[in-house]
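Here is a friendly walk through one model, written for someone who likes to see the cut-offs next to the values. Please keep the structure open while you read.

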Amino acid sequence: MAPLPGAELVRTPLQLYRYLLRCCQQLPTRGVQEHYKHAVRQSFRVHSDEDNPERIQQIIKRAIEDADWIMNKLSPISAAEAPYPPSQLLPSSRSP
């Protein structure tokens with residue numbers, strides 16, 4: 001099961017980038033959304049020089065699988081079942 005409809009249509013890195021940013025909009029809290037948007041942007045930059053078509057398809061496939069896992073883990077329905085609250089995904093800006 002894909003995180004959002006249309007995952008099967010993702011063929012290029014730019015399509016993947018847009019798709020993953022749309023997935024981030026579905027996450028439960030603003031902090032979690034921003035965390036994963038940053039991760040998507042960083043990953044896109046790291047792999048921007050990739051020119052092997054097979055490797056690009058592997059990256060796309062893995063990114064969609066990872067997005068599916070994250071969406072299932074952090075969805076509002078399964079948040080009660082998570083081993084830790086989503087608020088613990090990011091470091092707290094408050095001092096202890």
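Helices here are DSSP runs of H or I with at least four residues, and strands are runs of E with at least two, numbered from the N terminus. This is a predicted model, in which local features need pLDDT of at least 70 and side-chain atom pairs count only at pLDDT 80 or more, while totals for chains, interfaces and linings use all residues. Residues are numbered from 1 along each chain as its sequence is written, and side-chain values use heavy atoms, with hydrogens and water left out.

Let us begin with confidence. The pLDDT, the predictor's confidence in each residue from 0 to 100, averages 81 over the chain, and 75% of the residues score at least 70. Residues 78–82 stay under 50, and the model gives them three contacts (heavy atoms within 4.5 Å) beyond four places in sequence. Residues 84–96 are also below 50, with seven contacts beyond near neighbours in sequence.

Now for the helix pair. The axes of H1 (residues 13–24) and H2 (residues 30–46) come within 9 Å and cross at roughly 170°. Such axes are lines fitted to C-alpha atoms, for helices over the stretch in contact, and the angles run from 0 to 180 degrees between N-to-C directions. H1 is therefore roughly antiparallel to H2, a label for angles over 145 degrees. From H1, the residues that meet H2 include Tyr 17 and Leu 20, and the H2 side includes Tyr 36 and Phe 44. The contact of H1 with H2 has nine nonpolar residues, one polar and two charged; nonpolar covers Ala, Val, Leu, Ile, Met, Phe, Trp, Tyr, Cys and Pro, charged covers Asp, Glu, Lys and Arg, and the others, Gly among them, are polar.

Lys 37 lies in H2. Beyond its neighbours within four places in sequence, Lys 37 contacts Leu 21, Cys 24 and Arg 30.

The table gathers relative accessible areas, where buried means under 20%, exposed over 50% and partly exposed in between (1.4 Å probe, protein chains only).

| Residue | Relative accessible area | Class |
|---|---|---|
| Cys 23 | 3% | buried |
| Cys 24 | 3% | buried |
| Lys 37 | 14% | buried |
| Ser 75 | 22% | partly exposed |

How many disulfides are there? The count is zero, with a disulfide taken as a pair of cysteine sulfur atoms within 2.5 Å. The cysteine sulfur closest to that of Cys 23 belongs to Cys 24, and at 7.0 Å it is too far for a bond.

Finally, Ser 75 sits in the segment after helix H3 (53–74). The C-alpha atoms of Ser 75 and Pro 28 are 6.4 Å apart, although 47 residues separate them along the chain.

Conventions: Angles under 35 degrees count as roughly parallel, over 145 as roughly antiparallel, 65 to 115 as roughly perpendicular and the rest as oblique.
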